[in-house]
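Me: I have a structure open here and have not looked at it before. Can we go through a few parts of it?
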Amino acid sequence: MNEFPDTPGRPGGDHDDERMRRLLDAAVSDVEPSEALGSIHARTKVSSMQRKRSWVLGAGAAVVATAATVAAVTVLSDSTAPGGGDAGPAAGTSPSPHVSKKATEKPSPGKEPSGKATAGTAVQTVPVYYVGDTSRGVRLYREFHRVDLVGGDPVSTALAEAVSTDPTDTDYRTDWPEGVTAAVVEAPPSDVITIDVQTSGKPLRERPGGMSLDEAEIAVEQLIYTAQAAKQSRDPVQFFLDGGRTDTLLGVPVSEPLAQGDPTDVLAQVWIIEPPEGAEVTAPFEVSGLAAAFEANVQWELMQGDRVVKRGFTMAEECCTMAPYSFKVKSVPPGEYTLVVHDSDPSGGEGFAPWQDTKRVTVLP
Amino acid sequence: MSTAPRWDADTAVDELYAAHYRQLVRLSVLLVHDMETAEEVVQDSFVAMHDRWRKLRDPDKGLAYLRQTVVNRSRSVLRHRGVQARHIPPVLPDVRGADEDVLVAERRKVVLDALRELPGRQREVLALRYYLDLSEADIAEVLGISRGAVKSHASRGVAALRHLLEDAS
């Protein structure tokens, strides 16, 4: 039974063994680790979700079909009361000065800052919302694009980006068909943002085949959120189709001015804002974004493939509404990484996979 | 073991967590000395096992992998902590509060402190042998060393620990 020889020079090996067992047992007998299955699940889900994501990228369809209901666009009977007074997220309004300053300093890679940002023309950073697949269906993420202003108007510029420019983050997309344009037109009353969608002959009154109901509603929300953010106002949005009124757009009822849909149902609940997709950074670097995380808990991993190189967590400033978070990634070897930020799973693995956003970053030596 | 259940990776995590999580955290506390690090090490190990389950596919192999990963990661945490940290006062595992039996806490601290003074291999062999009750062959496999080396680490470790504890009392 006792495979080990007696301790040299000591009598009573069995006795010693028993004593050692009791000592070590007692040393940790009151170590009671806290429940961790939930966070283990959250992490194994993140890594399998990432694998899944890379498989279906480009398929264009929602990754996970869920029972998530995207709230129908709210129709306002009184166009002077946008939002019904609900406290929307900071995200729905305008970029904070802090954030836009950073974005200005560091134009997103993948764009051609030299081509677009010619000296002498009006260049501005505009907020642009894009569609991304999440564990709860399609939701909106926001990017900042630094571009020439179209006709000097940030709202039209942001809308043009939203419908026809590819997002910097390849996990996002726009579901508006190619060739479609959207711009603000002057139309009374002035406290309504009127967006004219030019279809170039495509039948966009009805929902196109291949576009789900959720995708259609989110595509409409994409323009509402983008326009309101660029205008820094919650004025309701009236849609025109090819210059005139329409009852529906992509099959979504739009005859009345629309308030933005509930951010909880429209926005992805975790965003990374800095660093942008494809950024080159040097360690230490700061990560910031917005998250409506369960208990304000924001977790992050720096991954290489399926391997977690570094991880940590932080708290968003507030729970349950899109609130700023930031953290610093200290020492990390140079190389290419995927930064994953996500919330924790309140159900301990029973419910939806967590909200997350990912960015590819290169850490320079 | 041919009747081993066919678990998928998630089931493996759930089952092995339920049966072994606490014990693995305690094992890691014996090695790294503090609770927070131990919990992190063990959670990392479960995530690693989940990622690797396609290759393991068997509960026994899963558990062996977990033990090995916990020991390896505990060791690498200590290595990164470096020499300067070795003399920082230890963080006791989750002291529960004022009503805890002071004597018990004291004794536990003495043993953990003494373990900390041992060379890494001796500490690992003692923890695997006396806390997990692993056989010599299993310890050799977990640590990737020969059975002879396990024997000699064990006997030297026991002698050193006894010596340290006698000094402390």
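Predicted model: local features only at pLDDT ≥ 70, side-chain atom pairs only at ≥ 80, totals over all residues.
Me: Which way does β13(A) pair with β14(A), parallel or antiparallel?
Reply: Antiparallel, over 8 bridges; β14(A) covers residues 307–315.
Me: And what sits between those two strands?
Reply: The hairpin of β13(A) and β14(A) has 2 residues between the strands. A:G305 in this hairpin takes a positive phi near 60 degrees.
Me: How many bridges join β13(A) to β16(A)?
Reply: There are 6, and these strands run antiparallel. β16(A) spans residues 335–343.
Me: Take A:L302. What is its bridge partner in β14(A)?
Reply: A:K310. In β16(A), the partner of A:L302 is A:L339.
Me: Different topic, the contact between the chains. How many residues does it take from each?
Reply: Chain B gives 33 residues and chain A gives 27 residues.
Me: Which elements of chain B give two or more residues to the side that touches chain A?
Reply: α1 (9–32), α2 (35–56), α4 (102–117), α5 (120–131) and α7 (147–168) of chain B.
Me: Which of them gives the most?
Reply: α1(B), with 8 residues.
Me: What is that side of chain B made of, by class?
Reply: On the side of chain B that touches chain A, 19 residues are nonpolar, 10 are charged and 4 are polar.

Methods: Residues numbered from 1 in each chain as written. Chains lettered and ligands numbered in written order. Contact = placed C-beta atoms within 7 Å. Helix = DSSP H or I, 4+ residues; strand = E, 2+ residues; numbered from the N terminus. Nonpolar A, V, L, I, M, F, W, Y, C, P; charged D, E, K, R; others polar. Pairing = 2+ DSSP bridges.
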